Structures are given as structure tokens and as C-alpha cells.
Amino acid sequence: MTPPDAPQNRWSDLDRPPLNVTALRRGLLRPESLWSELEVVETTGSTNSDLAERARSGDLAEGTVLVAEEQTAGRGRLERSWTAPPRSGLFFSVYLEPGDDVPVERWGWVPLLAGVAAATGLAKSAGVDTALKWPNDLLVTVEGEERKAGGILGEFAGDGIVVGLGINVSLRADELPAPTAGSLALAGAVSTDRETLLRAVLRSLEHWYGEWKGAGGDAAASGLQAAYAAGCATLDRTVRAELPGGNSLVGQAVAIDGDGRLVLSTEDGLQQPVSAGDIVHLRGAAGGLT
């Protein structure tokens, strides 16, 4: 066992080997692929910030992927921080340019698309049932409770959009940042090999992005809207939407509309779409607190 005061290096935790960038490039950077460039860095503040800065300078090709073994200033929605031990998860961002093929008002679907891609890719590669909490959380079940194992952040930059994903892979119980957090390992994943998981998520993202872009960004025609609804743990629950400005709204989540908004049915019988805000699951379909 390594003494607690021993200096740390890339091989300090042999359960968490570094990513093999050569193997990842060989598997993902094909002539017909969406992915055009893949870089793995040892540490950075935020992969999203790094790609966004390059996009704004015009020095970025669509399909660029930036992966960090460690993020020291990872960001979630509402400027929340995201931290985890080195090599304990997947921390990466991609740059996409829907361009003239997709009206800009439909670009808001891209983070939701990334959620569908991550959930389906992880289900296949890790053998873990991964659900979506609207708008950007990935949920797994740990000891019978839903826990957040990942998050997604999208931001416009340059001529496109940067989408970042953070996924807890091998975090142990004593490493979790909050009681509501989880990891693929704690959810019983059959594989925590990060290269396998990353390839699966990126290939799934390529598939869904191609379908959505090919349909002109129409989430219904591409099947994206139905896929998101099918995997969304927020639907059919009573929730509280904490809205920008400090207001809140309570209702039953009944649908994801064509613009990617969460539709709540309130006590006064209104159907209220929510486009932004924090969602708190209050009661499940069976009436239990969640």
C-alpha cells in the first residue's frame, strides 16, 4: 500500500491507469467519422473552457475531442464546480458545428442529445441502466437509490457549440462529493475500463448527432425526442422547478416538447413548459419521495 504521504504520480493508483491516446485515436479517428481530432491532457481547469476559447479564436475543427485525466475547475450548470480524483472518471468536451443544416433555434437539443448518447453508450459498454434527469444529469441506481453519476454542459462558442461531459466511473463511496452522487462502479458496472466507455459514448454521440443533423435538427423526425422521453426519469413524477430569478413551480412532469422543454401539469390544470431551471424530484410514480 502506498503511504499517505508518498508523492503521487500517474501510476500511484494502479486501478486507474491512464488513457491510451494512441489506441483511442486508432479506434475513433477514421476518414468517415465525425471525430477529427482527439487529445488527452494530464490536467486542465476545464475542457469546456479550453475548447470554447479555441472556438472563439477560430482555431477549432468540428469533431474535436478534448479529454482530461483530471479537471481542477470543471463546471456544471449554473457555474457549479465539478471535481473528482485523477483518472476516476471521464472528463471530456467535444466541438460540434450543426451549421446551416440545422436552424440555430434547434441547437438547444444538442446537450439533450448528448445525454441520450451517453446513457445508451454506457448501458451497452458498462451494463448499467443509466437514466436522464432533465435537463442534463445522468442517474444510476446505487443500493436502491437514484444517484447522480454524470452531468452535461453545453455552451455556444465560435460557429458551433461545445458540449462537455463528466461521468463518475470508478469513484469509491468515500470519494463521492455528496450523498446524492454515485458512480458506475458503485452501480455494479461490468466494466470500468475508461477507454471502452469513452469509445462507446463517442460512437453513440456520433450516431445520434448524425440522425438529428440529417433531419434538419427535427427532434421528432430523428427519433431523438422519443428516445429522450423513454430514458427520462423525470417524466411521470411530481417535481419542483426552481426557475431563474428565484421563482419555483410545482407540477407533474408530463412531456418533453419539440423544443426540448419539460412540460409540467400544475394543480390549476395548466400545461407549463420549463426551458431552464433546476428540477427536484419530489415524488415518484408510486408516491415515494425521490
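Residues are numbered from 1 along each chain as its sequence is written. Because the model is predicted, local features need pLDDT of at least 70 and side-chain atom pairs count only at pLDDT 80 or more, while totals for chains, interfaces and linings use all residues; side-chain values use heavy atoms, with hydrogens and water left out.

**Helix H2**

Helices here are DSSP runs of H or I with at least four residues, strands are runs of E with at least two, and both are numbered from the N terminus. H2 spans residues 47-56, and its buried residues are Thr 47, Asn 48, Leu 51, Ala 52 and Ala 55. They sit on the same side of H2, because they cover an arc of only 125° around the axis, the arc being that of the directions from the helix axis to the C-beta atoms. As for the cut-offs, buried means under 20% relative accessible area, exposed over 50%, and partly exposed in between (1.4 Å probe, protein chains only). On the face turned away from the buried side, H2 carries the exposed Glu 53 and Arg 56.

At its start, a side-chain oxygen of Ser 46 comes to within 3.3 Å of the backbone nitrogen of Asn 48. After H2 comes Gly 58, with a positive phi near 80°.

**Helix H4 and its partners**

H4 covers residues 194-214 and packs with both H3 (residues 109-126) and H1 (residues 21-28). Axes are lines fitted to C-alpha atoms, for helices over the stretch in contact, and angles run from 0 to 180 degrees between N-to-C directions.

| Pair | Angle | Axis separation |
|---|---|---|
| H3 and H4 | about 135° | 8 Å |
| H1 and H4 | about 30° | 11 Å |

H1 is therefore roughly parallel to H4, whereas H3 and H4 are oblique to each other. Under 35 degrees counts as roughly parallel, over 145 as roughly antiparallel, 65 to 115 as roughly perpendicular, and the rest as oblique.

Contact means heavy atoms within 4.5 Å. Between H3 and H4, the residues that meet include Trp 109, Leu 113 and Leu 122 from H3 and Leu 197, Trp 208 and Trp 212 from H4. From H1, Ala 23, Leu 24, Gly 27 and Leu 28 meet Glu 195, Leu 198, Arg 199, Leu 202 and Arg 203 of H4.

Arg 194 lies in H4 and counts as buried at 6% relative accessibility. Its side chain makes a polar contact of 2.9 Å with that of Glu 69. (A polar contact is a pair of N or O atoms within 3.5 Å; within protein, one must be able to donate a hydrogen and the other to accept it, and residues adjacent in sequence count only if both atoms are side-chain atoms.) A polar atom of the Arg 194 side chain also lies 3.5 Å from the backbone oxygen of Arg 87. Residues touching Arg 194 include Pro 17, Pro 18 and Val 169.

Gly 214, also in H4, is exposed at 70% relative accessibility. Its C-alpha is 9.9 Å from that of Pro 98, 116 residues apart along the chain.

**Lys 133 in strand E6**

Lys 133 belongs to E6 (residues 131-133) and is buried, with a relative accessible area of 19%. A polar atom of its side chain lies 2.8 Å from the backbone oxygen of Ile 279. Among the other residues in contact with Lys 133 are Tyr 228 and His 281. Lys 133 and Leu 235 are 102 residues apart in sequence but 8.7 Å apart in space, C-alpha to C-alpha.

Terms used. Lists of a residue's contacts leave out its neighbours within four places in sequence.
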